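This explanation leads from the overall fold to single residues. Please keep the sequence and the model in view while reading.

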Amino acid sequence: MSDGPLGAAPAPVSLPRGDLLAARVVADVGEPLRDALDRELTGYLVLEPGTTLLLDVAERGVITLADGVPVLAYELDSDAGGPAALAALAGAGPVRASSYRLSAPEIATVHDCDPLQVAPGGPARELADDPELAARTRERAPDGRRGEGGDHDALAAFLADEERVAAIKREAREEAERRAAEWGLAGELADDGRVD
């Protein structure tokens, strides 16, 4: 069973279904990242922001791991990969985090997809705002990957994607209008789309 394709990257890959180890709602994405690092987990994390349930949207992020160190990231709703996926997931608030174990040969089949790769400490830095965890993760990374992460900026990648920023604004406005209509407040919306 597959968790589905990891997207429309130049070389789409499918992630084999792993063995579920844990699933819980966490306020701090650092918790499952820290747990994966401590366990030296080889497999992946699935992160589902709370908005997935509250706003009827299908949003989900996947971070693959080798010995607890993040390798790839993908965000299914926006079809974003690599640092852009981290930007799409950043600031999501409480998330449902599920961790899965895969064998090293199984995960190796997807880890050569360069467009989806992230710096080892990227998820800890971008999603958990935890420099100490990011540093620990970089130290645990293989020699060839330890230097990664100083030159990418997920926020810059996100802000450079004007189409995605416009889509988020449009979705937020539509959601606010829908909620206002449900609550009988449609007449309270200002012309600029903000609720007074």
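Two strands are said to pair if DSSP finds at least two bridges between them. Helices (H or I, at least four residues) and strands (E, at least two) are themselves DSSP runs, numbered from the N terminus. The model is predicted: local features need pLDDT of at least 70 and side-chain atom pairs count only at pLDDT 80 or more, while totals for chains, interfaces and linings use all residues. Residues are numbered from 1 along each chain as its sequence is written, and side-chain values use heavy atoms, with hydrogens and water left out.

The protein chain has eight helices and eight strands. Six strands form an open sheet with antiparallel pairing, in the order S3-S8-S4-S5-S6-S7. At its edges lie S3 and strand S7 (80–81), each of which pairs on one side only. In general, strands of a sheet pair through backbone hydrogen bonds, either parallel or antiparallel. Within this sheet, S4 and S8 run antiparallel and are joined by seven bridges. For example, Gly43 has Arg101 in S8 as its bridge partner.

Helix H1 lies across S3, S4, strand S5 (61–66), strand S6 (69–75) and S8, and runs at about 150° to S3. Such angles run from 0 to 180 degrees between N-to-C directions, and the axes are lines fitted to C-alpha atoms, for helices over the stretch in contact. A residue is called buried under 20% relative accessible area, exposed over 50%, and partly exposed in between (1.4 Å probe, protein chains only). In H1, which spans residues 30–39, the buried residues include Gly30, Pro32, Leu33, Ala36 and Leu37. Just after H1, Glu40 takes a positive phi of about 55°. Of the 196 residues of the protein chain, 43% count as buried.

Which residues make up the aromatic pair? A search of the whole structure finds one such pair. Tyr44 and Tyr100 form it, and the pair is stacked, with 4.8 Å centre to centre and 10° between the planes. Rings of Phe, Tyr and Trp (its six-membered ring) pair if their centres lie within 6.5 Å; planes under 30 degrees apart count as stacked, over 60 as edge-to-face and the rest as tilted. The pair links distant parts of the chain, with Tyr44 in strand S4 (residues 43–49) and Tyr100 in strand S8 (residues 95–101), 56 residues apart. Both Tyr44 and Tyr100 are buried.

Strand S8 also holds Ser99. Ser99 counts as buried because its relative accessible area is 8%. Contact means heavy atoms within 4.5 Å. Leaving out residues up to four places away in sequence, Ser99 touches Asp19, Leu20, Leu21, Ala22, Leu41, Tyr44 and Leu45. Leu20 belongs to strand S3 (residues 19–26). With the same exclusion of residues up to four places away in sequence, Leu20 touches Ser98, Ser99 and Tyr100.

Finally, Arg145 is found in the loop between helix H6 (131–140) and helix H7 (154–160). Is Arg145 buried or exposed? Arg145 counts as buried because its relative accessibility is 14%. The side chain of Arg145 reaches the backbone oxygen of Val118 at 2.7 Å. Apart from neighbours within four places in sequence, Arg145 is in contact with Val69, Pro70, Val71, Val118, Ala119 and Pro120.

How values were computed: A polar contact is a pair of N or O atoms within 3.5 Å; within protein, one must be able to donate a hydrogen and the other to accept it, and residues adjacent in sequence count only if both atoms are side-chain atoms.
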